Structure formats: C-alpha cells, structure tokens
Amino acid sequence: LAAATQQPFVERGDRAMQLQDFQGAIDAYNFGIAADPDEHGPLTATLLWGRGRAHHGLGEAKQARVDVNRAIALAPPGTPWLAEAKALLAKLPKPAP
C-alpha cells in the first residue's frame with residue numbers, strides 16, 4: 001500500500017483536529033485505516049495515533065487507549081510523535097480490571 005493512498009486522510013484528519021472537529025477527524029482517519037486492513041501501510045500507525053487523539057478530544061478514553069496502544073505497537077523507532085503518544089497513554093485512565 002502506497003503512502004499516497006493514506007496521506008490525504010492523514011491531512012484531512014489533521015486539519016479537522018486543528019479545528020477541534022474531533023468527529024470529523026475520526027471519520028477521516030477511519031477512511032485511511034480502512035484503506036489498509038492488514039495494517040502494513042506506512043501511515044497506518046500515524047492514522048491510529050490521530051484517531052486516538054481525536055477520541056481523547058471527545059473524552060472517549062477507552063477507544064483512545066486502544067488506538068494509541070496500537071499506534072505505538074506499529075510505529076517504527078524514531079517516529080516523531082512516539083514520545084507524545086506514550087505520554088498521552090500514561091495520562092489516560094487505566095481500564096477497570
């Protein structure tokens with residue numbers, strides 16, 4: 001899967017995040033994620049990170065945790081947002097046992 005397929009969705013989601021349109025961001029990131037069902041695309045981790053931030057913006061901590069965890073797992077070393085993702089994950093409430 002070429003990055004070119006996913007890049008427009010990253011950009012749309014990021015623009016929506018800048019406007020605090022969290023649901024619009026989730027919708028955009030969802031399209032990019034759906035373009036890569038096997039999660040091997042070069043931007044899938046970035047899309048999951050964006051969607052996790054959007055869920056966090058909506059107060060949806062459980063879904064934010066799921067997406068941010070998956071993004072961290074898929075992100076290659078040196079990914080620019082990795083430290084920020086780990087910091088957000090540490091702030092999210094832990095799931096109930």
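Trainee: In this predicted model, what makes A45, T46, W49, A71 and A75 contacts of W81?

Mentor: Contact needs heavy atoms within 4.5 Å. W81 meets that with A45, T46, W49, A71 and A75, leaving aside its neighbours within four places in sequence.

Trainee: Which residues touch the most other members of the largest nonpolar core?

Mentor: W49, V68 and W81 do, in a core of 26 residues. Helices α1 (3-18), α2 (22-34), α3, α4 and α5 (82-91) each supply at least two residues.

Trainee: Why are α3 and α4 called roughly antiparallel?

Mentor: Helix α3 (residues 44-57) and helix α4 (residues 61-74) pack at about 160 degrees, with axes 8 Å apart. Angles over 145 degrees count as roughly antiparallel. The pair is therefore roughly antiparallel. The crossing of α3 past α4 is left-handed.

Trainee: Which residues make that contact between α3 and α4?

Mentor: From α3 come T44, A45, L48, W49, R51, G52, H55 and H56. They meet Q63, A64, D67, V68, R70, A71 and L74 in α4. By class, seven are nonpolar, five polar and three charged. Gly counts as polar, and G52 is one of the α3 residues here.

Trainee: How do α4 and α5 cross?

Mentor: At roughly 145 degrees, with their axes coming within 10 Å. This crossing of α4 and α5 is left-handed.

Trainee: What makes up the contact of α4 with α5?

Mentor: R65, V68, N69 and I72 in α4 meet L82, A85, K86, L88 and L89 in α5. Six of the residues in this contact are nonpolar, one is polar and two are charged.

Terms used. Residues numbered from 1 in each chain as written. Predicted model: local features only at pLDDT ≥ 70, side-chain atom pairs only at ≥ 80, totals over all residues. Heavy atoms only, no water. Axes fitted to C-alpha atoms, helices over the stretch in contact; angles between N-to-C directions. Helix = DSSP H or I, 4+ residues; strand = E, 2+ residues; numbered from the N terminus. Parallel < 35°, antiparallel > 145°, perpendicular 65-115°, else oblique. Left-handed = near helix turned anticlockwise from the far one by under 90°. Core = buried A, V, L, I, M, F, W, Y, C linked by side-chain atoms within 4.5 Å. Buried < 20%, exposed > 50% of the residue type's maximum accessible area, 1.4 Å probe, protein only.
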